[in-house]
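Please look over the sequence and the structure before reading on.

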Amino acid sequence: MTRISFTNSNNPAITMAAVVHLPQGFDAARTWPAIVVSHPGGGVKEQAAGTYAARLAERGFITIAYDASYRGESGGTPRQLENPHIRTEDISAVIDYLVTLPYVDRARIGAMGICAGADYTANAAIQDRRIKAIGTVSAVNIGAMFRNGWDNDVRSSDALPLIEAGSNARTSDAAGGSATMPLAPLQEADAPNEELRQAWEYYHTPRAQCPTAPGFATLRSLNQIITYDAYHMADIYLTQPMQIVAGSKAGSKWMSDDLFDRAASADKAFHVVEGANHMDLYDGRKYVDEAISVLAPFFAARLKGASQ
């Protein structure tokens, strides 16, 4: 594992922080398949993204888990901005970095993500054809989740007050404020169910807490989030091979179902991890093992055949 930093090609004012994992037997004289791993909305590279990056590297891939712009150890202000369009472009910026490395095979680049990172990955693949294969774990279309609720039981029109709140936050921020909103429950008592209680536990207890992942975003982020659809035009342009992984008990599973249904790819598969909820696939050992047992052969098969 090597910690690196590089200039974000989309915004030279931002330095990206990342962790690169190299496969066993790595030889810089060869070229290798590479996988970009994107973290959840409230996460950082040291959490679920780092777990999956390390495990996939064990299976023969160069992997890179990075902190999104405005988050973790990456640069950018305002801190904790969650702009889905920038998060999507970050993935292409990471690929821009990878293609400068002589030992990365440009024809064998895949991408995967967890939670909102999964749907940013899908959105990036719609517009960046350098991504040759896509993996998702506990996918969350962050726009749909904020519009329609965790259980898809809210009408999109009812989210208009959230756009109003984001608009007002921009005004207060312009006057020197810094309004924020939770991306997961900030207190255990705020969790409406056990699954989201585990989200609090993951980010705010020794289970996986990290000082660079406070678990909230700028309130102004709502302006971009509410109107965002990660799967926009997936029925036309999302044609790359895709492996979706979701838990049978995940309240978020409907967003993985939606991705599967809308993607144009003729090579797509959906693996359901029985008994797992959304958070179990972040760090539950047996559930992560099962996800890797599906994702690793998927990427191996779809990223094969280039120079060695």
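The points below are grouped by topic.

This is a predicted model. Its largest nonpolar core has 94 residues. Two helix pairs are described here: helix 2 with helix 3, and helix 1 with helix 11.

**Nonpolar core**

- Within the largest core of 94 residues, those with the most contacts are Y52, I64, M112, I114 and L238.
- Helix 11, residues 285-302, contributes the most to this core, with 9 residues.

**Helix 2 with helix 3**

- Helix 2 spans residues 84-98 and helix 3 spans residues 116-127.
- Their axes come within 8 Å and cross at roughly 70 degrees.
- Angles of 65 to 115 degrees count as roughly perpendicular, so helix 2 is roughly perpendicular to helix 3.
- The crossing of helix 2 and helix 3 is right-handed.
- Helix 2 makes the contact through P84, R87, T88, E89 and I91.
- Helix 3 makes it through G117, Y120, T121, N123, A124 and Q127.
- By class, this contact of helix 2 with helix 3 has 4 nonpolar, 5 polar and 2 charged residues.

**Helix 1 with helix 11**

- Helix 1 and helix 11 pack with their axes 11 Å apart, at an angle of about 50 degrees.
- Helix 1 and helix 11 are therefore oblique to each other.
- Helix 1 passes helix 11 in a right-handed crossing.
- On helix 1, the contact is made by T51, Y52, R55 and L56.
- On helix 11, the contact residues are R285, V288, D289, A291, I292, L295 and A296.
- By class, the contact of helix 1 with helix 11 has 7 nonpolar, 1 polar and 3 charged residues.
- Y52 of helix 1 is in this contact, and Y52 is also among the residues with the most contacts inside the core.

**A48 in helix 1**

- A48 lies in helix 1, which covers residues 48-57.
- A48 counts as buried, at 0% relative accessibility.
- Beyond four places in sequence, A48 touches I114, Y202 and Y282.
- A48 and A296 are 248 residues apart in sequence.
- In space, A48 and A296 are 16 Å apart, C-alpha to C-alpha.

**Loop between strand 4 and helix 2**

- P78 lies in the loop between strand 4, residues 62-66, and helix 2.
- Q80 lies in the loop between strand 4 and helix 2.

**Loop between strand 6 and helix 4**

- S138 is placed in the loop between strand 6, residues 133-137, and helix 4, residues 142-148.
- S138 is buried, with a relative accessible area of 1%.

Definitions and conventions
Residues numbered from 1 in each chain as written. Predicted model: local features only at pLDDT ≥ 70, side-chain atom pairs only at ≥ 80, totals over all residues. Heavy atoms only, no water. Axes fitted to C-alpha atoms, helices over the stretch in contact; angles between N-to-C directions. Helix = DSSP H or I, 4+ residues; strand = E, 2+ residues; numbered from the N terminus. Parallel < 35°, antiparallel > 145°, perpendicular 65-115°, else oblique. Left-handed = near helix turned anticlockwise from the far one by under 90°. Contact = heavy atoms within 4.5 Å. Nonpolar A, V, L, I, M, F, W, Y, C, P; charged D, E, K, R; others polar. Core = buried A, V, L, I, M, F, W, Y, C linked by side-chain atoms within 4.5 Å. Buried < 20%, exposed > 50% of the residue type's maximum accessible area, 1.4 Å probe, protein only.
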